[in-house]
Amino acid sequence: MTSTQSKWLEAELKYDSRVVGKHEVVMTRGQGSVVWDESGRSYIDCVAGYGVANIGHCHPDVVKAIRDQAERLLVMPQSLPNDKRAEFLSELVGVTPAGLDRVFLCNSGTEAMEAAKKFAITATGRKRFVSMKRGFSGRSLGALAFTWETKYREPFGEAVDNRNVDFVTYGNIEELRAAITSDTAAVILEPVQGEGGVRPASPEFIQEARRLTQEKGALLILDEIQTGFCRTGKMFAAEHYGVVPDGMTLAKAMAGGVPIGAFVMTADVADRMPAGGHGGTFGGNPLAMAAGVAAIRAMKREGMAEQAREKGAYFMEKLRAIQSPKIREVRGLGLMIGVELKEKSAPYIHALEHEEGVLTLQATPLVVRFLPPVTISREQIDTVVAAFERVLN
Ligand SMILES: Cc1[nH+]cc(COP(=O)(O)O)c(CN[C@@H](CCC(=O)O)C(=O)O)c1O
C-alpha cells in the first residue's frame, strides 16, 4: 500500500461513522464501465454505485451539463421556479408511462419512498400498506417499515412502525388478494427485487396487483429505484409487464450519478395532497436537474434500453454456460443480473475484486449481483464472465 493510499484510507476509516463496511481500497477515478484505485489499478465496475452509473461513469454529456450549470446557478429551492427544473420535469414526464405526469422531486430513493407513503395516505384517506417479503424500500424510518429484512429494522425497535404494513410473499397472488382490503392505501412492489436477490416478478403477479388495487380503491406504487432508467431493458420495468401504476419511486441512475430522487404520480394522487403537505430543501436543485436532463437524453439517444436488453441476454447466456456445481441459478432482467450460488457469495465477490479486478455486490448472502453500466462492452462482459469462472474453480 502506497503512503498516499494509506493516508486517504486511514483518514476515511478514522473519521467515517464506519456503519458501512469498507473495502481496503481507495477509488479515485471512473470512466464508462471502469474505475481506478489510488495505485492506478483498474476494475470493471459491476457495482456501478449500487445501480447508479447506468450510463457509465462520468458520461461526457453529464460532465458538461454539470460544468455549465455550476457556472450558472447551483442553489434554487422548489418554491422558486427554475429553467433547468422545468426542462428536467418535461424530459422525465416525456419518458414515464402515460398519466404519470406529476412529480415530487427529492434526493434519494428512500426520500422518494417517504414521499410516496405520504401521497398515498392523502390520496386514499387510508393508512395500511401491502409490501413484499424480501422487499427493500430504503433505510429511513418510514421506508424501513416497508423493508422486509429484520437486520435492517431490529436495531431501531418500535421506532420502525410497521404495524400498518402487511407483508406478502413476492409472487403469491392468493396472499396478495387476501392482504389488499378497503383499508389499504397502496401496494408497494419492486418489478424486480434487487437487494432481495434479483428476482423478476411474473407478469401475472404484477398484472393481478394492478387489477386488485384498482378493484379495492388502493394505489399500485412500483418501486423503480433500481429497475428504472434502462436497467432491465426498458426505460422502466413496468413496460415489460404492460402495467401503468398510480405512482413510481425513482432515484439512482436518473441523473447520471448526481444524487436525485422522485415520486412520479397521477394528477389524481398529486391533487389530494394538501398544499405544503410535504417538501424539502435540495429537491429539484438546478445541478441535479441539469445532470438529469443530460442523462435521460443520453439514454434515449444511445438506445440504452435496447443495449441493456441485448447485452443482458448475452451476459446471462455466458453466465449460464459456466459449468460449475456451485451455481444454483442465473436470473435477472436486462442488465440486472443475479447468480445464486449453493454457498455464500462473499468469498467470490472478494476474489473477483482482489484477484480479477472485477467489482460485484451481494443481494442476500448467496447471490452475486451484477449491475454494470449499460454501456459495458461485450469484451468487458467476456472478461467478467471469464473472471467469475476462474474464481468459482
Ligand atoms: C428498490 C430500492 N428501493 C429503495 C432503495 C433506497 O434508495 P436510496 O435511499 O437511494 O439508497 C434502494 C437502494 N438499494 C441499495 C441499498 C443500499 C443500502 O445498503 O442502503 C441496493 O440495492 O444495494 C432500492 O434498491
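The exercises below concern a predicted model.

Residues are numbered from 1 along each chain as its sequence is written. In this predicted model, local features need pLDDT of at least 70 and side-chain atom pairs count only at pLDDT 80 or more, while totals for chains, interfaces and linings use all residues; side-chain values use heavy atoms, with hydrogens and water left out.

**Exercise 1.** State which residues of helix 3 are buried, and why they lie on the same side of helix 3.

*Solution.* 
- Helices are DSSP runs (H or I, at least four residues) and strands are E runs of at least two, numbered from the N terminus.
- Buried means under 20% relative accessible area, with exposed over 50% and partly exposed in between (1.4 Å probe, protein chains only).
- In helix 3 (residues 60–70), V62, A65 and Q69 are buried.
- They lie on the same side of helix 3 because they cover an arc of only 60 degrees around the axis; the arc is that of the directions from the helix axis to the C-beta atoms.
- Their cover includes helix 4 (83–93) and helix 12.

**Exercise 2.** Find which members of the largest nonpolar core touch the most other members, then list the contacts of F370.

*Solution.* 
- A nonpolar core is a set of buried Ala, Val, Leu, Ile, Met, Phe, Trp, Tyr and Cys residues joined through side-chain atoms within 4.5 Å.
- The largest core has 95 residues, and L176, L189, F229, L319, F370 and F388 touch the most other members.
- Helix 12 (residues 286–301) gives the most to this core, with nine residues.
- Contact means heavy atoms within 4.5 Å. Apart from neighbours within four places in sequence, F370 contacts C46, F315, L319, L335, M336, I337, V339, T360, V384 and F388.
- A second, separate core of 29 residues includes M113, A123, F167 and A185.

**Exercise 3.** Decide whether S137 is buried or exposed, and place S137 in the chain.

*Solution.* 
- S137 lies in the loop between strand 5 (128–132) and helix 6 (141–144).
- S137 counts as buried because its relative accessibility is 6%.
- S137 and I260 are 123 residues apart in sequence and 15 Å apart in space, C-alpha to C-alpha.
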